[in-house]
There are 2 protein chains.
Amino acid sequence: MLNKEESGENILHRAADGLPPRNLLTWLIGRPLPTADAPHQTIGKAVGMAVFASDALSSTAYATQEMMVILVFSATIAYGYVIPLSIAIVALLAIVILSYEQIVHAYPDGGGAYIVARDNLGEIPSQIAGAALLTDYILTAAVSISAGVAQIVSAFPVLFPHRVFLSVGLLFLILLINLRGVRESGQAVSFPSYFFVGVIGLTVIIGGYQYLTGSLGTVINPPPLETIHATQAITLLVILRAFSSGTAALTGIEAISNGVTAFKEPRGRNAGITLIWMGLILGSLFLGISFLGVHISAVPSAHETVISQIARTVYHDQNFLYLATIAGTTTILILATNTSFADFPRVSAILSKDGFLPRQLAFRGSRLVYSRGIVALAVIASLLIIILQASVTLLIPLYAIGVFLSFTLSQSGMAHRWFKSGKLAPGQEIREPGSILRHDSHWKIKLVINSIGAVATFCVMMVFAITKFIHGAYIVLIIIPMLVVFFSLIHRHYKQLANELSLDHYGEPFRIARHRVILPISGVHRGSLAALYYARSLTDDITAVHISVDPDETRKVQEKWDMWGDGARLVVLDSPYRLLLEPLIKYIFNVVDKRQPDEIITIVVPQFVPQHWYHNVLHMQTAFWLRLTLLFKRGIVVTDVPYQVD
Amino acid sequence: MLNKEESGENILHRAADGLPPRNLLTWLIGRPLPTADAPHQTIGKAVGMAVFASDALSSTAYATQEMMVILVFSATIAYGYVIPLSIAIVALLAIVILSYEQIVHAYPDGGGAYIVARDNLGEIPSQIAGAALLTDYILTAAVSISAGVAQIVSAFPVLFPHRVFLSVGLLFLILLINLRGVRESGQAVSFPSYFFVGVIGLTVIIGGYQYLTGSLGTVINPPPLETIHATQAITLLVILRAFSSGTAALTGIEAISNGVTAFKEPRGRNAGITLIWMGLILGSLFLGISFLGVHISAVPSAHETVISQIARTVYHDQNFLYLATIAGTTTILILATNTSFADFPRVSAILSKDGFLPRQLAFRGSRLVYSRGIVALAVIASLLIIILQASVTLLIPLYAIGVFLSFTLSQSGMAHRWFKSGKLAPGQEIREPGSILRHDSHWKIKLVINSIGAVATFCVMMVFAITKFIHGAYIVLIIIPMLVVFFSLIHRHYKQLANELSLDHYGEPFRIARHRVILPISGVHRGSLAALYYARSLTDDITAVHISVDPDETRKVQEKWDMWGDGARLVVLDSPYRLLLEPLIKYIFNVVDKRQPDEIITIVVPQFVPQHWYHNVLHMQTAFWLRLTLLFKRGIVVTDVPYQVD
C-alpha cells in the first residue's frame, strides 16, 4: 500500500524549486530557466536564418577560391570552366535544398541525416550518419574559427604567435553565448550574419552594374601566381577535383533540418521557408562571386583572398566599403562555428536518447540547452585547434567528407521513404520513430529528385575522399567506423543494463534475517565511538577490527577498547608488511564468503571529516580506498559514519 | 567486557600477512620486507661512507674551480690566495667534522640539525633547520643530477637537447634504487664512490710525485680566460667571496649525522668513525686538487673543468686514466643525488612524527624505507629540473645557504648543549626527546669548538646570502620562512584534531533511539529494491524520494512503486529547473534540521556498480555527489547499497 500522506505534511509533488543562488556561473550564462519555459525558447525565420545559416553562407567566402586553385596551371587560368562549374554546383545546391525542404516537412521534430537514415535505412547507416555529422560539426567549429583567426592574423601579423590562444578564446566566447541559450545566441549572431549578406550582396550588385555598364576593371597588382600544377593538362579528373572543391559551398546546408525543433510553430513550414531563402541567398552570392572573380581576372592565392581582390576592384580602393566587406567575411567565418554549437548538441542528444551516446548528453542544463554537448564540442574542437596549431591547411582535407556522406545517407533515406510511400494506399499512415509516413501522390518525382541528389552527393564524396585521401581524409575514414563501433558498445551496455535491472521475472524479494557489522578502527577516539554507537543501532553482532602495525600502538588500542568498547568484540590483525588495507579486505572477504544466504554484512567505517577539504592531504584516506574496493564485492554494504571536526 | 574469543575462531593476533602478489612494482623495487627485518636493514662503515658521503665528496669536483673563478681578474689569476684559502676551508672543515663527530655520539638515534636545534634551541630554530635541510636536499638532488648530466652533455653535445629528459630519467633510476631499500642502494653506490676516490686520489698522488721530482708541467692549450672581473681590485670582499665559493666543498657533510640510525650497532661509534674518514678523504682530495690546480696554472672555465685540466696535465694526454678520472667525476656527481634520497625521507619522517609534516611521510613502505618521502623528493626535484631546464647556473645560487644555515643552527645547538652539560653535576642525566644529556668534563673546550664553528659557518652563510642575493639566493630566503609557517599550520591542525577526538571529558555515550531512512530513487528497478530491502533491515521508518523532472517518467515511477514499494512512503519532489541533487539535498537538510536529539537519519543510496569501472562515464554519478555533499552535514549517515551488474 502506498502512503501518500503523512500527518501534517503534504508530501506529494511538493514544490522544491531549488533555484541556485547568483554566482559567477549564473552571471556568465544567465539565471536558470524552468522546464515550463521550453516552448518559449524558439525562434522565428529571420533569427533562424542567422543561427543555422551562418555556416552555409560563410562557405561562399572560400568556395570560389578553392575551385580556382585547382584550375590554375601552366601559367594560365582555365577560367572558362569556373562559371559552368559554378552553375553545376548551384544546380546541385538546388537539388540538395529541394530534398531538405521535403525533409523538414516530413520530419517536423528534427530530421537530420541521422533520423532520416534511422527511419528509412536501418541502424548501421543511421549510426554512420550520426558519426559523420558529429565529426563534421567538430571540424566545422575548428576550421571556421581557425579560418577567421587566420584572416585577422593576416591583417595584424603581430598577433600571429597568439593565434592558438585567440582561436581558443573565441571558441570559449561562443561557448558562453551558446550556454546562455538558443534565443540569446540567435540574437547575438543575427546582426553579423545579415551584415555579411549585406556587404557581399552590395559588392555583387555594384560589380554586376559595373559589368553591365562596362566599367568593371581587372584586379590591379594581383598577388603572384603560385603555379603548382605547371605541367598538368586539363583532364576530367582535374575538372572533377575543381567541382568537388567548389562544393565546399554546400557545407552547412543540413543545419536547418537538424534544428527544426528550435523554430516557432508551424515548425516544418517555417524551417522550410528559411531553408529556401538560405538556398537562394547562398546560390546568388556564390554565382555572383564566381562571375566577378572570373571577370576581374582574380588570382587565387594564400596572400590575398579572391573576396578581397573583388572588393578592392569593385570599390577601386581599400576604402571603408572594402574594409566592411573584409570585416563581414571574417566575422561570418568565426560565427560559422555557431552553427556547430547549435547542432552538435542536438544531434548528440538524439543519439543519446536512442542509447548510442552517454545519457548525460540528453539532459538539458540550467538554460534549457544541452550544456554537456556544448561543452564537449568546445573541448574537442579546442584540442583539435591546439594540436594542429590553428592551421586551416591541416584541417581542410578532413572537412567535407562527413558533410557529403551525411547528404548521401539522408537523400538515400528519403528516396527509400518515397518508395515506401508509393506502396501505401491513399490515407494510410505508418507511425515511424521520427515521423508519420503517409501516401504521397507525387512520390515518383520526389523519388527521382532524391535519387539524383543521392548519386550526385555520393560522387562528390568519392572524388573528395580519393583526391584528398593522403592529405588527411584517411583520418576521417578511420574515425567514422571507430565511432560507429563505439556507439554500438554503448548501446549494448545500456540494453544489458536495462535487462539486468528489469523487474520482469523478479521473484520473491530477498529478506534479510541476520545483520552483522564489521567496524574497522585505527584508534579509539570520539570518531570511532560515534561509529560504534551507530553500529549498535543496526545490530548487536559487531566486530571491531584493528590492523596492528606497531605493537605499542596496538596495546594502547586494546586497553582503550576494554574501557570504551561497550562490550563489542575486537579482532586484531597483524600486518607484518605494514599494509593497512589488504589484511582488512582479506578478513572482510573471508567473513563474507562464509556468510549465510539471508545474512547481510555492513562495514561501518568511521569517516573523519576535517574542517577544510584540503586537510585531507594530512590524513590517510583509508576509508575512501576501502569503500572503493568493497563496492565490487557482493553482499557487503559500506556505511560511512562521518565525524565532523570544527 | 572484551570478548577476545569467538566460538571456533582464534581471533586475537590472527596472522594476516597479506603479502601482495608479484607484479610490476615488486619486480622494480623488490618483494615487501616484514617489519621484523628492520634491524637487519643496517649498513657498515664502508657502505655507509658510500651512501652518505657521495654528496660531500662530489663537491671536490667543483669547489676549487668555484674559488678560482672569483680570483680571476685583470688577465692574471691571484693564485697566491688559492692555497691559503684552501687551507682555511680545510680548517673550517675540520671544525665542522669535529662538531658533527660530537653530534653523532651525543645523538645515536640521528642528530641532524633539526633534532639538535629542537632539543637545544627550541621550536622555531628547529623548524628553520628542518626547512633549510629539506630545501637543501631538494637542491642537492637537482644540482647534482644537472651537473652530472652537464658533464655528459659536454662530452656528447648531441645529447644537449635531451638533457632535461636525461636528468629526469637518471633521477627516476635513483628513485627506484632507493625504493628498493637502504642496503641495496648502498651496494649500488659503493663501487662508483670508491672508484671516484681512487681515480682522484691517484691523480693527486701522481701529480704530487711529479711536483716533487720537478716533472709536473703546466696545462697545455688551456681554455680561453673569461675575464669577467676585468677592472676589479683584490678587496677583502673578493677574498671572502672566493672563500665562501670554496666552502661548497663542505656541502653534504651533515648527511651522516641525519642517518645514524642506518648504521650497524654501535651506531654512534660507527657513524663517528665514518665521518672522520670522510673528512680526511675530503680534505686531502680538496687540498690536493687546489695544489695541483695552482701549479699547473689551470684556468677556470665553463668549457673545461679544472679537474679535466689537472688530469690531462698529469697523464700527459687524454688517455685511459684521464677518461677514468672524468667518468668517475661524472658518476659521483650523479650519485651525490643519492645522499639526498638517503636523508630527505629521514628528515621528513622525523618532522612528520613531530606533527609538522603530513603523517603519511612517517609511514615505512613495503621495502621498509620512507617511500612517500623518496617519491616526494623525486617529484619536486624533477619539477625543479624541468622548470629550470637542468641549468646548473640557475640552480647553484640557491644551493649553499640552506647547508650553512643548518650548520650554524646545529653548532649553536651543540654549544648550548655543552653549556647545559657544564651546569649538570657529574653522573646527573636529563632525558631530552632526541638524546640523553649528561655532564661532560670537557664541556668547556667542546663549547669553544662548537662556538667557533657556529660563528664561522654563520659568517660563510651571510657572505653567501649577500653576494648571491640577486642571483637567486633571495628565493631560498623566501621559501624557508614559508616552510616554517607551513609546518606550524600543519602542527596546529594535528593538535586541534587530537583535542577534538580525545576521550578526556567524554560524557555519557550518545544512544540512538529512533532511526529514520531516506531512500532516493531515480527509478523502480532491482537496484532500488535491493536498497529498499536493506533499509527495511534498519528501520520501518522509510521514505523513498523521487525527483521529478519529466512528468511521464514520474507517473511510471509512482505506478511501479505502488506495486513493488512494499508499503513504503514515496515523496515526489518537483524540480522545475531540472536539477537532481539540489532539491534532494534541500529536502534532506529540512528533515535533518527537524529531527529529534536521539534520532539518526540514514540516507540509503542505491549505488549502481557497472561491470567495468569505465562504464561509469555512461551514468550520472548522483550517488557520488550526494555522498560528498552530505558528508559535511551533522546527524546524517550515508549508506551505499551497491547493486552489481554482471
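Thr543(A) is buried, with a relative accessible area of 0%; buried means under 20% relative accessible area, exposed over 50%, and partly exposed in between (1.4 Å probe, protein chains only). This is a predicted model, in which local features need pLDDT of at least 70 and side-chain atom pairs count only at pLDDT 80 or more, while totals for chains, interfaces and linings use all residues. Residues are numbered from 1 along each chain as its sequence is written, chains are lettered from A and ligands numbered from 1 in the order in which they are written, and side-chain values use heavy atoms, with hydrogens and water left out.

**Surroundings of Thr543(A)**

- Thr543(A) belongs to strand S7 (residues 542-548) of chain A; helices (H or I, at least four residues) and strands (E, at least two) are DSSP runs, numbered from the N terminus.
- Its side chain makes a polar contact of 2.8 Å with the side chain of Arg569(A). A polar contact is a pair of N or O atoms within 3.5 Å; within protein, one must be able to donate a hydrogen and the other to accept it, and residues adjacent in sequence count only if both atoms are side-chain atoms.
- Leaving aside neighbours within four places in sequence, Thr543(A) is in contact (heavy atoms within 4.5 Å) with residues including Arg516(A), Ile518(A), Val571(A) and Tyr587(A).

**Nonpolar cores**

- A nonpolar core is a set of buried Ala, Val, Leu, Ile, Met, Phe, Trp, Tyr and Cys residues joined through side-chain atoms within 4.5 Å.
- The largest one has 136 residues, of which Phe52(A), Leu250(A), Ile253(A) and Met278(A) touch the most other members.
- Helix H6 (residues 123-155) of chain A gives the largest share of this core, 15 residues.
- Another core, of 135 residues, lies apart from it and has Val96(B), Ala311(B), Val460(B) and Ala465(B) among its members.
- Not counting residues up to four places away in sequence, Ile253(A) touches several residues, among them Ala56(A), Leu93(A), Tyr100(A), Met278(A) and Phe407(A).

**Positive phi angles**

- Asp566(A) is not a glycine, yet has a positive phi of about 55°.
- Asp566(A) sits in the loop between helix H20 (551-564) and strand S8 (569-574) of chain A, and is partly exposed at 31% relative accessible area.
- Ser297(B), also not a glycine, has a positive phi of about 55°.
- The loop that holds Ser297(B) runs between helix H11 (267-295) and helix H12 (306-314) of chain B, and Ser297(B) is partly exposed at 33%.

**Cysteines**

- Over all chains there are zero disulfides, a disulfide being a pair of cysteine sulfur atoms within 2.5 Å.
- Cys459(A) is partly exposed, with a relative accessible area of 42%.
- Cys459(B) is partly exposed, with a relative accessible area of 39%.
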